[in-house]
Amino acid sequence: MSLADGPLALGSGGELTTRPMGVFARPGEAKGWRSWVTTVDHKRIGIMYGAAALVFFVIGGIEAMLIRLQLATPDGKLLSADLYNQVYTMHGTTMIFLVIMPLGAAFMNYLMPLQIGARDVAFPRLNALSFWVFLAGGLVLNSAWLLGGGADGGWFNYAPNNGVRFSPTHGIDFWNLGLLIAGIASLVGAVNLITTVLNMRAPGMTLMKMPVFTWMSLVVQFLLLFAVPVLTAAQFLLMFDRLFDAQFFNTQMGADPLLWEHLFWIFGHPEVYILILPTFGIVSEVIPVFARKPIFGYPFMVFSGIAIGFMGWGVWAHHMFASGVGPISVAAFSISTMFIAVPTGVKVLNWMATMWGGKLTFDAPMLYSIGLVTMFTIGGLSGVTHALAPADTQQTDTYYIVAHFHYVMFGGGLNGFIAGWYFWWPKVFGYRLGERLGKINFWILLVGFNLTFGPMHILGLQGMPRRTYTYRDGYGFNFWNFVSTVGTFIIATSMLIFFANIFLSYRKAKKEQLSVPADPWDARSLEWMVPSPTPAHNFDVIPTVSHLDEFWHRKYGEDEEGRLVRIAATEDVVQKGDGRGVHLPSPSYWPIVMAFGMPWIAYGLIYNLWFCVLGGICVVAAIYGWIMEPATDPDAGHDDHPADHDEPSDASGEAVATEEAALVD
Amino acid sequence: MTDLADTTAVGAHPGAATHDHTHVTATGISNEKVAMWAFLGSECLLFGGLISTFLLYKDRAADGPVPHELYDIAFTSISSFVLLMSSLTMVLAVSAISRGDDRALRAWLLVTALLGSIFISGQVYEFKEFLNEGLGFTTSPAGSAFFTLTGFHGVHVTIGIVMLISAALLSRSGRITQRNAEAVEIVGLYWHFVDVVWILIFTVVYLIK
């Protein structure tokens, strides 16, 4: 990429003109790679989040298979002890920070503005910044593989094991700085999406008329807002220790390694709910559609989500029962951990009650949703056993814990995201994923998943320690380890079927010129009211909301005897996708320019501080360029409709309210 | 904040059937202000983590001096007073722009930035004094925690000074006027937050034994 046509080529290029309000010309393309690099459209950003997460998912999945191959038989020789440490650390870190978190961000970015009847998020450019900064952080983290090896202290990197003395390579530095950068992305995203939910709702959409997914997004963003800075604080301490000889975790100087453990888990336990609540939201959208009933106990669903959000802050020390925090702490955190099972149980029961008596159809999204409810419940139950401190002391650092959190994160988290993929794929990409392959995909995944992680309960209770690169023959670990490794390959097969399904369905849709209607599932919330795939401007006319499940209530009503009757044809209710006169926020170079500077700062801290100066200049220049350009270019915004309709019609207004107050955007 | 959102959501759109060209938000508070409040909420947890670290480590001095032995309370009180006064001048700046008085706005912004700079100079002087007396960043957990906490605050003040000067320059070039006076108010929110955090740090670090 030469400077002449790269993102830094400001003010040049054929189609660009200097515009009076901006200091530099703005990108104007609507198609091609440059339009993706400069996009501020929440839908495109959501798609990019999802695509990046899938790439990282493949990387993390390969790491998982290396772990299982090493452990398939006793005295495995595939990985050395050192390499094994790096592989499991990077597997955990990748799956949590670069797969499940961005998948949540992908769904929230795409769906949340649609569900509240908005044309975009509150700060479209900040949204683009979140994505690019997240990608920069993920690349810094994974570049460790090419620059001397990954982090090797587990995804939590306990002190003092994370110090230079015990981990002399730069692996943990890459881990630390990569996650610090990704943390900036989370913080920016949280500020942006919280503002969006609070401020951008369509007329009439009060908080208690928001879909459950939007509610769970809001809770997750608040958790991110408050949890990420605690990790950031801890990571700064670690960075100062490792790179600038500070003494935060040097026990010989009297430092207390428990400080790291507390700070990490004060972040780490809310993080667990950051990972799981988005998929709770997804299945809360899917199950009512395929049960043809409204969600059971909507207020309970909302308030249990909020309760989980609050109580998630009071349970962190149950990760530390074995660290000697003292009997009073142990007792208090035991009790709070038992309590937090209550709102979670409320959710499970409400999903079951939603299905109860419904006209169930078992399309692929529904299968995965039921998969989530069942698998998560198993994980939840083994989680409650951790609340019993004596039992937990025995389970600590065994495969029982590994089994538990994979049932929650994979059986709960990933199942929900796949449900969401099958459910919203037509809305996002304009074609449906094959139903038959979807069902095959599900059953193979379910079998593979339980074969992989089910036996780990047994191994753990037999005493097999986690994070140990091999085991000897004769401990009784052989059989279940082998079963678990076989299961991993079944999961991999299932994921290959998923990718094949994407490809085959796309080819079929293209060949047979299939298109999907706006509302293929006879669904309930506002995102189904716009054509599939969603037009750039979302809504032709911002709907005025009077019900929870507004779209459903526009289609169906009740007769005198309270029976469900159709009151309007779907085609009459959905919008036509005519975006004339809609002003959209303008694309911008600055988000990616700013994100580009951040890895240089990270590499500079590790190798040579002069790189930091370069990266810093890049970031500061981007901030000032950003401030000088209005969020919505007054000369643009007419590009999304034909030239003969240059007069903005009165029927719709502007996408965001940031035009005049762009200075602080 | 959420209660407010609920009650004003409908009221903010009187009869808004299909039109949304007013720039009214569902809460009635501008996006920028909500975002700044959310960001400041996040900052509370960042400083919470660093203050906790300092409280844990303040007496773990290894072979070096304990920070407490080195404080010059009179000196730091004066610099704290200067920083607090900058909050007053910040209020005067916001008041000036809401009246549409651009010259007074720039004057008060620059006075605020100057007071902030005096505080930062005091902090630099204090750091140098501590170094001379044997308490460095790498001396002990107490030293690391002290310099990290106060240093983070100093960086926040410095960023605030840059924001104030930028706002003054933007006002000069006509980009901040009475019409978008809220931009100044939001810079002010940040500045007051940084001051409030210093009150906490001054109390916890310097005054409480």
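Guide: Helix 5 (residues 102-132) of chain B packs against helix 6 (residues 141-172) of chain B at an angle of about 160°, and their axes are 9 Å apart. Helices here are DSSP runs of H or I with at least four residues, strands are runs of E with at least two, and both are numbered from the N terminus. Axes are lines fitted to C-alpha atoms, for helices over the stretch in contact, and angles run from 0 to 180 degrees between N-to-C directions. Helix 5 of chain B and helix 6 of chain B are therefore roughly antiparallel to each other (angles under 35 degrees count as roughly parallel, over 145 as roughly antiparallel, 65 to 115 as roughly perpendicular and the rest as oblique). The crossing of these two helices of chain B is left-handed, a term used if the near helix is turned anticlockwise from the far one by less than a right angle, with clockwise giving right-handed.

The model is predicted; local features need pLDDT of at least 70, side-chain atom pairs count only at pLDDT 80 or more, and totals for chains, interfaces and linings use all residues. Residues are numbered from 1 along each chain as its sequence is written, while chains are lettered from A and ligands numbered from 1 in the order in which they are written.

On the side of helix 5 of chain B, the residues that meet helix 6 of chain B include B:D102, B:R106, B:L109, B:G116 and B:F119. Helix 6 of chain B contributes, among them, B:T150, B:G154, B:I161, B:L164 and B:R172. Contact requires C-beta atoms, placed from the backbone, within 7 Å. By class, this contact of helix 5 with helix 6 of chain B has 12 nonpolar, nine polar and three charged residues (Ala, Val, Leu, Ile, Met, Phe, Trp, Tyr, Cys and Pro count as nonpolar, Asp, Glu, Lys and Arg as charged, and the others, Gly among them, as polar).

The pair belongs to a chain with seven helices and zero strands. Of the 209 residues of chain B, 42% are buried, that is, they have 20 or more other C-beta atoms within 10 Å of their own, where 12 or fewer means exposed and values in between partly exposed, with C-beta atoms placed from the backbone. Among contacts in chain B between residues at least 6 apart in sequence, 75% join residues at least 24 apart.

The axes of helix 4 (residues 124-143) and helix 5 (residues 171-199) of chain A come within 8 Å and cross at roughly 165°. That angle makes helix 4 of chain A roughly antiparallel to helix 5 of chain A. Their crossing is left-handed, and by class the contact has 16 nonpolar, eight polar and no charged residues.

Chain A as a whole has 18 helices and two strands, and buried residues make up 57% of its 665 residues. One of the residues that count as buried is A:K43, with 21 C-beta neighbours inside 10 Å. A:K43 is found in helix 2 (residues 42-71) of chain A. Leaving aside neighbours within four places in sequence, A:K43 is in contact with A:Y110 and A:T534.

Note on methods:
Contact = placed C-beta atoms within 7 Å.
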